[in-house]
Amino acid sequence: MPLILLTGFPASGKSTRAQQLREYFSTIVGKNVVLLSENEIVKNKHIYSDANKEKELRSTLKSELQRLISQEGILILDGGNYIKGYRYELYCSSKSNKTTQCTLHIDTSSEQAWKQNLKREENCQYSQENFDALIMRYEAPDGRNRWDAPLFTIQPEDKLPFEEIAAALCERKAPAPNQSTQSLPLTSTNFLYELDCVTQEIVNRVVEAQKTSVIGDEVSIPNSTEKFLLKRRYQLSELSRIRRQFISFAKTHPVDDIPRLAAMFFQYLTSHLV
């Protein structure tokens, strides 16, 4: 089912907008609507002070999304979705299921969101510490990124552009899945070896290039036509951590085309680097 992904600051009004969307698509459009809400899983906002529990939450939401998504009906994901790399993974899920998606950025200021947070029941409130941390970590969507597009930015006083959202989901052709988003069996015994070599070679190239390059230079990526823009200095530990994450991700999305594998890692790497 086409996916509507909501994102925004904590207590920005995402759940209110999600309910409005469900009402519109179920009663006006006549679609079957499934609302997958982060609030139904999180019973205590203190979870956001524990990185491991927060990671488990994102994993649970992603698993549920992959179980529910199809080409029929509408799936609304109501959550913070504040990490752009995570939104990219969700995009891959919708693409592999041959369905459309759009992103709604509930663009409420942090000051107004905090006031709304204080109006909640005490057990549903974010602590000041958790609230500030989530605001600081928030990576706003960008409509120029294909995983965030089409992007609808909604201010608190705005009415939802229901017809435009419906058109983006129901009248637009879904992106064709390719090998980088298809879950295929590991048929090639050489895949894991190539995966390790290709990703390590790219990491090594970026690390070595930094020794002789300056900020703003572009680095050619091995086995690919892509170029990596040096926006800052990157630590080996940071690049290696993202590489390990990608390897785990790629094991369920294997390809037998090395240039495509290199392009996949390049996209993953650039989307996860802050």
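In this predicted model, the buried residues of helix 7 (residues 162-170) are I165, A166, A168 and L169. Seen down the axis of helix 7, these residues fall within an arc of 160°, so they line one face of the helix. They pack against strand 1, helix 1 (14-28), strand 3, strand 4 and strand 5.

- Five strands make up an open sheet, arranged in the order 2-3-1-4-5 with parallel pairing.
- Strand 2 (33-37) and strand 5 (151-154) are the edge strands, each of which pairs on one side only.
- From one strand to the next, the twist averages 20°.

- Strand 3 is mostly covered, with five of its five residues buried.
- Burial applies to both faces of strand 3: I74, I76 and D78 lie on one side, L75 and L77 lie on the other, and all are buried.
- Strand 2 is joined to strand 3 by five bridges, and the two run parallel.
- Within that pairing, S37 has D78 in strand 3 as its bridge partner.
- Strand 1 is joined to strand 3 by three bridges, again in parallel.
- L5 stands opposite L77 of strand 3.

- Strand 4 (residues 101-106) and strand 5 run parallel and are joined by four bridges.
- I106 stands opposite I154 in strand 5, and the bridge partner of H105 in strand 5 is T153.

**Helix 5 and helix 6**

- The axes of helix 5 (residues 110-118) and helix 6 (residues 128-137) come within 12 Å and cross at roughly 150°.
- The crossing of helix 5 with helix 6 is right-handed.
- At the contact, S110, A113 and W114 of helix 5 meet Q128, F131 and I135 of helix 6.
- By class, this contact of helix 5 with helix 6 has four nonpolar residues, two polar residues and no charged residues.
- Helix 6 has N130, F131 and L134 among its residues, and these three are buried.
- The three cover an arc of only 100° around the axis, which puts them on the same side of helix 6.
- E129 and M136, on the other side of helix 6, are exposed.
- The buried residues of helix 6 pack against helix 3 and helix 5.

**The loop between helix 5 and helix 6**

- K119 lies in the loop between helix 5 and helix 6.
- K119 has a relative accessible area of 71% and is therefore exposed, the cut-off being over 50%.
- The C-alpha atoms of K119 and A11 are separated by 9.8 Å, although these residues are 108 residues apart along the chain.

**Backbone exceptions in loops**

- Most residues other than glycine have a negative phi, and most peptide bonds are trans.
- N81, which is not a glycine, has a positive phi near 45°.
- N81 is located in the loop between strand 3 and helix 4.
- N81 counts as buried because its relative accessibility is 4%, and the cut-off is under 20%.
- K98, likewise not a glycine, has a positive phi of about 60°.
- K98 is placed in the loop between helix 4 and strand 4.
- With a relative accessible area of 48%, K98 is partly exposed.
- The peptide bond that joins A149 and P150 is cis, with omega about -10°.
- P150 is found in the loop between helix 6 and strand 5.

Technical notes
Residues are numbered from 1 along each chain as its sequence is written. This is a predicted model: local features need pLDDT of at least 70, side-chain atom pairs count only at pLDDT 80 or more; totals for chains, interfaces and linings use all residues. Side-chain values use heavy atoms; hydrogens and water are left out. Two strands pair if DSSP finds at least two bridges between them. Axes are lines fitted to C-alpha atoms, for helices over the stretch in contact, and angles run from 0 to 180 degrees between N-to-C directions. Buried means under 20% relative accessible area, exposed over 50%, partly exposed in between (1.4 Å probe, protein chains only). A crossing is left-handed if the near helix is turned anticlockwise from the far one by less than a right angle, and right-handed if clockwise. Contact means heavy atoms within 4.5 Å. Ala, Val, Leu, Ile, Met, Phe, Trp, Tyr, Cys and Pro count as nonpolar, Asp, Glu, Lys and Arg as charged, and the others, Gly among them, as polar. The arc is that of the directions from the helix axis to the C-beta atoms.
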